[in-house]
Amino acid sequence: MALLVVGSVAFDSIRTPHGQAEEVLGGTATYSSVTASWFAPVRLVAVVGEDFGEKHFRVFRSRSIDTKGLEQVPGRTFRWRGEYVGSMNEARTLETQLNVFEQFTPKLPPSYLDSEFVFLGNIDPVLQLHVRQQLPKARLAALDSMNYWIQGTPEELKQTLAAVDVLVVNEEEARMLAGHHNLKKAAQSIRKMGPRIVVIKRGEYGVMLFTEHSVFCVPAYPLDEVHDPTGAGDTFAGGFMGHLARTGDLSDANLRRAVIYGSVMGSFAVEEFGLGRLLHLTPEEIESRYREFKSLTHFDV
Ligand code: AMP
């Protein structure tokens, strides 16, 4: 089954202790759609400017991503500049140029309207809800958000939360949204706001999955070196939703597998700058790291 992804497509300029990259293809929808394309057909909804060239479109086409919903309008593409220092757990945003993203209103091509799996990347919750409402056949709609919306438009975000099945956020966002420091309590109170599944990303400490029936905790894959954490969260979401769209199975057992696939893909993303590693994977590499997670977390009782 196809996965619809909406979010930002950007040119990122990134500096980490391992180097830097100028104006490379990035954005939340880029990371999640390229990642999910390793699992299922992907439909992209985003906006770019006139400076978005053929070589950039080719990146999406190289992954067979449907770009009918990638709108090109007059103006410049969204730009983000950030740096990571020290433990590299959080990006420091140095500059954001919204450009064409400022007036973004997601438009869904008719062929997208039967989408059953949806990832609403981090954009204005009003726009996220607008997309969700156009998809009556959605079996699983997942939402990402951030501090900016949690603090700035809490009422709009609450309405959107009530209309989705999954929330994927990092731990500080979960705490802020719920008003609880304790993550278990935070997840419980978020579940009461609408999403029956809550996924909390904890960077180098891994991921927690909360469902009606259970809690599942997974460590991050221990890498020798992290080169660029940009997009790791969106990559996680792409792997998580991609696996669910591929299988169509929403059981607790399969949600757990999806968390592992998300973690596997997140670990690949940070190995190289930008999209580098995510574009040059093989299905065998993905499966091999998936199995490594099994031995990483196995113990005898
Ligand atoms: P992450 O590392 O998962 O937080 O995502 C990083 C990506 O988010 C980068 O590729 C940026 O282009 C994109 N990004 C940064 N700020 C924003 C914003 N305000 N809205 C949408 N996307 C953004």
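A charge sits over a ring if NZ of Lys or CZ of Arg is within 6 Å of the ring centre and within 35 degrees of the ring normal. By that criterion, Arg63 lies over the face of Trp38, at 3.6 Å from the ring centre. The model is predicted: local features need pLDDT of at least 70, side-chain atom pairs count only at pLDDT 80 or more, and totals for chains, interfaces and linings use all residues. Residues are numbered from 1 along each chain as its sequence is written, and side-chain values use heavy atoms, with hydrogens and water left out.

**Charge over a ring**
- The charged end of Arg246 is placed over the ring of Tyr261, 5.1 Å from its centre.

**Aromatic pairs**
- Ten aromatic pairs are found in a search of the whole structure (rings of Phe, Tyr and Trp, the last by its six-membered ring, with centres within 6.5 Å; planes under 30 degrees apart count as stacked, over 60 as edge-to-face and the rest as tilted).
- Phe11 and Phe52 form a stacked pair, because their ring centres are 5.8 Å apart and their planes stand at 20 degrees.
- Phe11 belongs to strand E2 (residues 10-16) and Phe52 to the loop between strand E4 (42-48) and helix H2 (54-62), so the pair ties together parts 41 residues apart in sequence (helices, H or I of at least four residues, and strands, E of at least two, are DSSP runs numbered from the N terminus).
- Both Phe11 and Phe52 are buried (under 20% relative accessible area with a 1.4 Å probe, protein chains only; exposed is over 50%, partly exposed in between).
- Tyr221 and Phe293 make a tilted pair, at 5.9 Å centre to centre and 40 degrees between the planes, and both residues are buried.
- Phe11, Phe52, Phe57 and Phe60 form one aromatic cluster.

**Asn122**
- Asn122 lies in the loop between strand E8 (117-120) and helix H3 (125-133), and counts as buried because its relative accessibility is 15%.
- The side chains of Asn122 and Trp149 are joined by a polar contact of 3.0 Å (a pair of N or O atoms within 3.5 Å; within protein, one must be able to donate a hydrogen and the other to accept it, and residues adjacent in sequence count only if both atoms are side-chain atoms).

**The open sheet**
- Four strands, in the order E3-E2-E6-E7, form an open sheet with mixed pairing (two strands pair if DSSP finds at least two bridges between them).
- Strand E6 (residues 78-83) and E7 run antiparallel and are joined by five bridges.
- Arg81 has Glu95 in E7 as its bridge partner.
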